[in-house]
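I wanted to go through this one slowly and jot down what I looked up. Here is the structure, and my notes follow.

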Amino acid sequence: MSIRYIDEIKDLEGKKVFMRVDFNVPLDDNQNITEDTRIRGVLPTINYALDKKAKIVLASHLGRPKGERKEKYSMAPAAERLSKLLGKEVKLAPDCIGSQVQAMVDAMKPGDIVMLENVRFYPGEEKNDNEFAQALVNGCEIYVNDAFAVSHRAHASVHAITNFIPVVAAGFLMKNEMNYFDKAMKNPIRPLVAILGGAKVSGKIEVLENLCDKVDKIIVGGGMAFTFLKGMGYNVGKSLVEEDLIETAMKTYEKARAKGVKFYLPVDCVVADQFSATAENKIVPIQEIPESWMALDIGPASVALFSEAIQNAKTIVWNGPMGVFEMDAFSRGTFALVTAVANSYALTIIGGGDTDAAVNRGGEASRMGYISTGGGAFLELLEGKKLPGIQVLEEKGNK
Ligand code: AMP
């Protein structure tokens, strides 16, 4: 089953389009947006609908208001930023449901944009409640999901709402995400290499399991590597280890080997005497981690090994930093790998907030093939899961 995209909808003119976007932007203490990539990411879809003279009703969540109205989570800053980016008025509705909102939507003219208030001001959103979803429709005739980053959530504005709007489609951001994912996982140009890092094995073991059937090489760095290394009998000192997952990790490692997937782990690391930016630190081989020290980054030999392993890759998928890259002393491994990935001749697909941040801080964002807007959603796709928000578009998109 395939998804219908907004450019396959014949008649948008004058139609009320409910567009689920992800404007969950970071704000500082004065409610200023510190980073607006998420808003910019949806501009192609919004501009397309504007060109077609649709009436656009935007819906998003912001932060975690936990089902209650809290002004600090208002969509006002996002509406204002969008208005600036478009050079056009974006009206903020007083709520996301109710008669006042409905009246506002009814009064819209072709080319108008209304931003609904935070959908998570109501508990029905996260409960995927049908009644709330029906109220959200506000008379809209077409549903467009361009919020990839929340499509792994069966929430009312992502899922249940499709029960109440006859025409459903996805936007261009979603199209990009799906296209790149397919290029990496469905029809990859090989060798295909997956790089996984980050703190923990938990949450990524399913990804590794699934990748064993798809990739040619797996590179594991970050804190998660130490559960594997401990399982292999190394003394990893106070490094992050999930004891209860050692067995599962080793099974996954064996599965990869049995399938002929080359599995790379760090051979050296930067160890510290405490988890602190000012901790004493040194580089040691994996065999020599002192008992009371912890490994917080991969070392130069691992960087060389991993860089060589991706030399001939044609496709690279990367999620998770190689170390505690937020602290200078433990950031070199991650940034060295950012450069190596950017220098490769592969199609490079980056996913997850931390990896995205590392690539940006490393100044290499423009040299990556694609940076996914989804953290959890990206990982769930890598796990081989169907995302609820995408599944409903597949099921209902062709009717
Ligand atoms: P995740 O959310 O699981 O992708 O983890 C990202 C976090 O992992 C980042 O904040 C890193 O600081 C952290 N991290 C990476 N390597 C290590 C390590 N060796 N020990 C502890 N934390 C780590």
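Is Tyr-143 buried or exposed? I looked it up: Tyr-143 has a relative accessible area of 0%, so it is buried. Buried means under 20% relative accessible area, exposed means over 50%, and partly exposed is in between, with a 1.4 Å probe and protein chains only.

Before going on, I noted the ground rules. This is a predicted model, where local features need pLDDT of at least 70 and side-chain atom pairs count only at pLDDT 80 or more, while totals for chains, interfaces and linings use all residues. Residues are numbered from 1 along each chain as its sequence is written, and side-chain values use heavy atoms, with hydrogens and water left out.

**Entry: aromatic rings**

I searched the whole structure for aromatic pairs and got 7. For the cut-offs: rings of Phe, Tyr and Trp (its six-membered ring) pair if their centres lie within 6.5 Å, and planes under 30 degrees apart count as stacked, over 60 as edge-to-face and the rest as tilted. One of the pairs is Phe-18 with Tyr-143: the ring centres are 5.9 Å apart and the planes are at 25°, so I wrote it down as stacked. Phe-18 sits in strand E1 (residues 16–20) and Tyr-143 in strand E5 (residues 142–145), so this pair ties together parts that are 125 residues apart in sequence. Helices (H or I, at least four residues) and strands (E, at least two) are DSSP runs, numbered from the N terminus. Phe-18 is buried too, because its relative accessibility is 0%.

Next I looked at Tyr-180 and Tyr-370, which are stacked with 4.5 Å centre to centre and 5° between the planes. Tyr-180 belongs to helix H7 and Tyr-370 to strand E15 (residues 370–371), so the parts tied together here are 190 residues apart in sequence. Tyr-370 has 11% relative accessibility, so it counts as buried.

Tyr-180 also has a charge over its ring: Lys-183 lies over the face, 4.9 Å from the ring centre. The rule is that NZ of Lys or CZ of Arg must be within 6 Å of the ring centre and within 35 degrees of the ring normal. Lys-282 does this as well, with its charged end over the ring of Trp-293 and 4.5 Å from the centre. I also found one aromatic cluster made of Phe-228, Tyr-253 and Phe-263.

**Entry: cores**

Which residues have the most contacts inside the largest nonpolar core? They are Met-19, Phe-23, Ile-46, Leu-58 and Leu-116, in a core of 113 residues. A nonpolar core is a set of buried Ala, Val, Leu, Ile, Met, Phe, Trp, Tyr and Cys residues joined through side-chain atoms within 4.5 Å. Helix H7 (residues 172–186) gives the largest share of this core, 8 residues. Domain 1 (6–175) and domain 2 (188–382) both contribute residues, so the core lies between them. I noted that the domain bounds come from an automatic or database domain assignment.

A second, separate core has 26 residues, including Val-193, Ile-219, Phe-306 and Phe-325. I picked out Ile-219, which is in strand E8 (residues 217–220). Ile-219 is buried, as its relative accessible area is 0%. Leaving out residues up to four places away in sequence, Ile-219 touches Val-193 and Phe-306, among others. Contact here means heavy atoms within 4.5 Å.

**Entry: helix H3**

In helix H3 (residues 76–86), I found Pro-77, Ala-78, Ala-79, Leu-82 and Leu-86 buried. These pack against several elements, including helix H1 (37–41), helix H2 (43–51) and strand E2 (55–59). After H3 comes Gly-87, with a positive phi near 65°.

**Entry: between the domains**

How far apart are the centres of domain 1 and domain 2? Taken over C-alpha atoms, 36 Å separate them. In the contact, domain 1 takes part with 5 residues and domain 2 with 9 residues. About 560 Å² is buried between the two, and carbon and sulfur atoms give 65% of that. Buried area is the accessible area (1.4 Å probe) that two parts lose on being put together, summed over both. On the domain 1 side, Phe-148, His-152 and Leu-173 supply 80% of the area buried against domain 2, more than any other three residues.
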